[in-house]
Amino acid sequence: MHRLSRALLTLIATFAALVPVTASADPGDGSAIVGMRPLGGRQYEVTVYSAAMNRTIPVWVSHPDFPAPALYLLNAVDGGEDGGPWTNRTDVAHFFADKPVNVITPIGGRASFYTDWVADDPTLGRNKWSTFLIHELPPLLESRFQMTGRNAVAGASMSATSALDLALDAPGMYQAVGSYSGCPRTSDAVARGYVRSELGLFGANAANMWGADDNPAWNAHDPVLNAELLRGVALYISAGNGLPGIHEGIGDASIAGNVPGLADRVAVGGIMESVVRNCTDSLVGRLASLGIPAQVAYRNGTHAWPYWQDDVHDSWPLFAAALGV
């Protein structure tokens, strides 16, 4: 499968430097669109300079060529850098080709939980992703792509928690949130262990994200503890149970006869999804106790991209209604 390599990211940044600045989120903060490349049809690669992180971020945009709301679709734990973004791993480009919505996917943010970190990390550098996604990026894209100010955000695995957390950080900004196979808890020992394991895959230190275990930031970013702040948001929440499902057949397109790949998905992906299911149960139960409605998709299945593609399809009617399209 094609991967968006560091070399390509460097090439994008180099190209971006040759293109005039077209917009700024805040005249004083320096954030700006510094490059834009048509990819064909309604797709664009937009390069955005983040003043908060002092770097350029490639952003994939699917624009319907008329005013429309926005769906921010966040990548999984690799940030779309290693295994590729949503557009490489799923059919989202085709699926949204006729939909009245701007779809936006930043490329980058590996192991960042798309949040603002309390300290720079020796491996990942400076992460100020909630600042970028809430304050820097939207006004730039709204100016260029005729967005209406109505928004949804969705993510898979790591970024499923991020999508919920962004809604906590910016009440009223998002009309809908999709959490696909995420662990929407951050405040207890098991959940913190899961977070550390994800960051550890990339050599990052979770203490640089939200501090030590006793730092109140861990509680502040917990969607279960803060579920009341999700009232009024259209919620789609999915999780498998770790058992083989419809995409674990040897003939499934995502397996294509790869027996070792299937064994790895069933073993590793099954364990991961069973942890996710336990976390998701906590959020679903909390929402029910508060009388907050949510569309819950439980299934047999592992921690794998084919299920998240299904989630995009299944959640779109809920998002469309919330976005008014």
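## Overall build

The chain of this predicted model contains 10 helices and 10 strands. Its radius of gyration is 19 Å, close to the 20 Å that the globule rule gives for 325 residues, so the chain is as compact as a globular protein of that length. Along the principal axes, the C-alpha trace spans about 50 × 45 × 40 Å. Of the 325 residues, 54% count as buried.

## Aromatic pairs

The structure holds 11 aromatic pairs. One of them joins tryptophan 86 to tryptophan 305 in an edge-to-face arrangement, with 4.9 Å centre to centre and 85° between the planes. This pair links distant parts of the chain, since tryptophan 86 belongs to helix H2 (residues 86-89) and tryptophan 305 to helix H10 (residues 305-323), 219 residues apart. Tryptophan 86 counts as buried because its relative accessibility is 0%, and tryptophan 305, at 14% relative accessibility, also falls under the 20% limit and therefore counts as buried. Both tryptophans also belong to a cluster in which ring pairs link Trp86, Tyr180, Tyr236, Trp305 and Trp308.

Another pair is formed by tyrosine 114 and tryptophan 129, which are edge-to-face at 5.3 Å centre to centre, with 85° between the planes. Tyrosine 114 lies in the loop between strand S6 (102-106) and helix H4 (129-145), whereas tryptophan 129 lies in helix H4, so the pair ties together parts that are 15 residues apart in sequence. Tyrosine 114 is buried, because its relative accessible area is 1%, and tryptophan 129 is likewise buried, with a relative accessible area of 0%.

## Arginine over aromatic rings

Arginine 144 takes part in contacts with two rings. The charged end of arginine 144 sits over the ring of phenylalanine 145, at 4.8 Å from its centre. Arginine 144 also lies over the face of tyrosine 44, where the distance from the ring centre is 6.0 Å.

## The largest pocket

About 950 Å³ of space lies in the largest pocket. The pocket is lined by 32 residues, and those that lie nearest its centre are Arg89, Arg265, His303, Ala304 and Trp305. The elements that give two or more residues to this lining are H2, helix H9 (259-290) and H10, and the largest share, six residues, comes from H9. Trp305 therefore has a place in two parts of this account, as a residue that lies nearest the centre of the largest pocket and as a tryptophan that counts as buried at 14% relative accessibility.

Sorted by class, the lining of the largest pocket has 13 nonpolar, 11 polar and eight charged residues. Arg89 and Arg265, two of the residues that lie nearest the pocket centre, belong to the charged class.

## The enclosed cavity

Rolling a probe the size of a water molecule over the atoms shows where empty space is left. In this structure there is one cavity of 30 Å³ or more, and about 40 Å³ of space lies in the largest cavity. The residues that line this cavity are Phe113, Ser157, Met158, Thr161, Gly182, Cys183, Arg185, Tyr194, Val195 and Glu198.

Helix H5 (158-169) and helix H6 (189-200) each supply at least two residues of the cavity lining, and H6 gives the most, with three residues. By class, the lining of the largest cavity has five nonpolar, three polar and two charged residues.

## Backbone with positive phi

Asparagine 54 has a phi near 55°, which is a positive value in a residue other than glycine. This residue lies in the loop between strand S3 (43-50) and strand S4 (55-62), and asparagine 54 counts as exposed because its relative accessibility is 57%.

Tyrosine 114 also has a positive phi, of about 45°, although it is not a glycine. Tyrosine 114 is found in the loop between S6 and H4, and, in contrast to the exposed asparagine 54, tyrosine 114 is buried, with a relative accessible area of 1%. The ring of tyrosine 114 is the one that forms the edge-to-face pair with tryptophan 129.

Technical notes
Residues numbered from 1 in each chain as written. Predicted model: local features only at pLDDT ≥ 70, side-chain atom pairs only at ≥ 80, totals over all residues. Heavy atoms only, no water. Phe/Tyr/Trp six-rings, centres within 6.5 Å; stacked < 30°, edge-to-face > 60°. Helix = DSSP H or I, 4+ residues; strand = E, 2+ residues; numbered from the N terminus. Buried < 20%, exposed > 50% of the residue type's maximum accessible area, 1.4 Å probe, protein only. Lys NZ or Arg CZ within 6 Å of the ring centre and 35° of its normal. 1 Å grid on protein atoms, 1.4 Å probe; cavity = no way out; pocket = protein on both sides within 12 Å on 5 of 7 lines; lining within 4 Å. Points joined across faces, edges and corners; volume = space filled by probe spheres on them. Rg over C-alpha atoms; globule rule 2.2 N^0.38 Å.
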